[in-house]
Amino acid sequence: MDTLVSKYANASSSASFDNADNLGENLSGWDAASQFALPAFDIPMVTNPVDFLRAHTDASAENRIRIQHGTTTLAFKFQGGIIVAVDSRASGGSYIASQTVKKVIEINPYLLGTMAGGAADCQYWERELGRRCRLYELRNKERISVAAASKILSNMVYDYKGMGLSMGTMITGWDKTGPQLFYVDSDGTRMRGERFSVGSGSTFAYGVLDTGYDFNLSIPDAIELGRRAIYHATHRDAYSGGSINVFHVKETGWEFIGNTDVGSLHWEYQDQPKGPIV
Amino acid sequence: VGVRGSDIVVLGVEKRSALKLQDERTVNKICMLDEHVCLAFAGLSADARVLVNKARIECQSHRLTVEDAVSIEYITRYIAGVQQKYTQSGGVRPFGISTLIMGFDSDKVPKLYQTDPSGVYSAWKANAIGRSSKTVREFLEKNYKEDMDRAETIKLAIRSLLEVVQTGAKNIEIAIMGKDSVIQRLGLTEIETVVAEIEAENEKEKEKSKPSTSQQ
């Protein structure tokens, strides 16, 4: 951590060419390490930012800063590609800040990122990821793979581990190895998978998603499954709600399916007969 | 010398004749950068050692961050970039080597690239670097054919080296890579066989071009 702070505190002094070995780190890179170097930020001028934050947000501190995040997002792979479904409520404690938040970030026409946790963190870092992906494309004359994109994101946030970033995101897209889905979060976790749900309402969504999931679902059925899973999460989780946004990732890129208000969906589902679970 | 065939790439180097007490195996002008990329250089061996080391690290760094092997073009661009950096900084001198980089990408198409001390890089069908590179390149230009098969590509590489290497098979080192991206170094006997073949062909050419002695 100390090396991290000193690196940012004395940015100008690093441009010395005396030591030939340092040439690699100075120029705005075209090699794997420096082209993925972090944008420079002002970090609190304390010796240890991690402890500083913990002191102010720890449960035992008297006037602690509470960082709240509530949401439900999910994504799953199936025969027709990948379905991504998210809610749209932003809450600050018990206050509903907005019911119309866009929680799916369009990184580029074939890569999607979902947002759970701190909205600013997700939006900023996923836009930064979009910039890196575009540079990769220009340099290498081919699209970046989803594995590489998710690795860029997870490496970027890992450097800020413990400093209060809050981000639980799924990076998904279709590259030359087929449809891919990765879960990346601000602890530095990065996992490839077939089905993920992230957020305070994720447990409710998993119940419905796992029950109704089949790899061979048709595209309309898969869309409906995603929508239903989010609906049930918004019904029971106080911090999820608003409306449901559904995206479908295909070989030709992603497609926005639609936005459905959960209130009207509630009455629609109420009237439907309930089939057997199995 | 580097020659690209239809599904094979061949690198050939002139080995400097071994000094009596020197252990030949430690003098190697063909280096592996990764499992599927091979580099041959001409120039200052010490500079080459440093550059190859950087390139090898970059290959692994790429595997770590991108979860994929480097493409031949990427690593050539990196090496050329390093060479260029040292032409535009204070207190350092350019690397005194040209390199030939060969290998196969995942698209199974053979690739051959050349870099030079200025940091310029380009792709080639066949090229030569080093002391007599001009002579050899002219020879290659005259004798290169598109889509040569394995045997023809190897023969062309050896023939072009023989133009400037007087002492024969002992001083030639050949490395081959096919679509499977596995490097193969030719042994002395194999090279000698091809050299004998080439010499026999040359004899036949000489015989044909000799004017008939009957009329006076």
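1. Lys141(A) is found in the loop that runs between α4 (119-140) and α5 of chain A; helices (H or I, at least four residues) and strands (E, at least two) are taken as DSSP runs and numbered from the N terminus. Although Lys141(A) is not a glycine, its phi is positive, at about 55 degrees. Lys141(A) is classed as exposed because its relative accessibility is 69%; the exposed class begins over 50%, buried means under 20% relative accessible area, and partly exposed lies in between, with a 1.4 Å probe and protein chains only.

2. Basis of the note. The model is predicted, so that local features need pLDDT of at least 70 and side-chain atom pairs count only at pLDDT 80 or more, while totals for chains, interfaces and linings use all residues. Residues are numbered from 1 along each chain as its sequence is written, chains are lettered from A and ligands numbered from 1 in the order in which they are written, and side-chain values use heavy atoms, with hydrogens and water left out.

3. Ser181(B), not a glycine, has a phi of about 60 degrees and sits in the loop between β9 (172-178) and β10 (183-185) of chain B. Ser181(B) counts as buried because its relative accessibility is 18%.

4. Overall make-up of chain A. Chain A contains 8 helices and 12 strands, and 47% of its 278 residues are buried. Contacts (heavy atoms within 4.5 Å) between residues of chain A at least 6 apart in sequence join residues at least 24 apart in 63% of cases.

5. The annotated position. Thr71(A) is listed by UniProt under "active site", in an unreviewed entry; UniProt positions follow the numbering used here, feature names are shortened, and annotations may be inferred rather than shown by experiment. In the model, Thr71(A) belongs to the loop between α3 (49-57) and β1 (73-78) of chain A. With a relative accessible area of 3%, Thr71(A) is therefore buried.

6. Surroundings of Thr71(A). The side chains of Thr71(A) and Asp87(A) are joined by a polar contact of 2.8 Å; such a contact is a pair of N or O atoms within 3.5 Å, where within protein one must be able to donate a hydrogen and the other to accept it, and residues adjacent in sequence count only if both atoms are side-chain atoms. Not counting residues up to four places away in sequence, Thr71(A) touches several others, including Lys103(A), Met115(A), Ser200(A), Asp237(A) and Tyr239(A).

7. Which side chain makes a polar contact of 3.2 Å with the side chain of Ser243(A)? The partner is Asn259(A). Ser243(A) lies in strand β11 (residues 243-250) of chain A and is buried because its relative accessibility is 7%. Leaving aside neighbours within four places in sequence, the contacts of Ser243(A) include Asp87(A), a residue that Thr71(A) also touches. Among the others in contact with Ser243(A) are Val86(A), Gln99(A) and Asp261(A).

8. Leucine positions in chain A. Leu181(A), in strand β8 (residues 178-185), is buried because its relative accessibility is 0%. The C-alpha atoms of Leu181(A) and Phe196(A) are separated by 8.5 Å, the two residues being 15 residues apart along the chain. Leu165(A) is placed in the loop between α5 (146-158) and β7 (168-175). Beyond residues up to four places away in sequence, Leu165(A) touches Asp121(A), Trp125(A), Val157(A), Tyr160(A) and Ser186(A).

9. An exposed loop residue. Ser94(A) lies between β3 (90-92) and β4 (95-98) of chain A, in the loop, and counts as exposed because its relative accessibility is 77%. From Ser94(A) to Ala205(A) the distance is 21 Å, C-alpha to C-alpha, at 111 residues apart in sequence.

10. The second largest pocket. Its volume is about 960 Å³. On a 1 Å grid over the protein atoms alone, a pocket is an open set of points where a 1.4 Å probe fits, with protein on both sides within 12 Å along at least five of seven lines, and lining residues have an atom within 4 Å of a point. Grid points are joined across faces, edges and corners, and a volume is the space filled by probe spheres set on the points.

11. Lining of that pocket. Of the 37 lining residues, Glu14(B), Lys15(B), Arg16(B), Lys29(B) and Phe41(B) lie nearest the centre. Elements of chain B that each supply at least two lining residues include β2 (8-14), β4 (37-43) and α1 (45-66). By class, the lining has 19 nonpolar, 10 polar and 8 charged residues, where Ala, Val, Leu, Ile, Met, Phe, Trp, Tyr, Cys and Pro count as nonpolar, Asp, Glu, Lys and Arg as charged, and the others, Gly among them, as polar.
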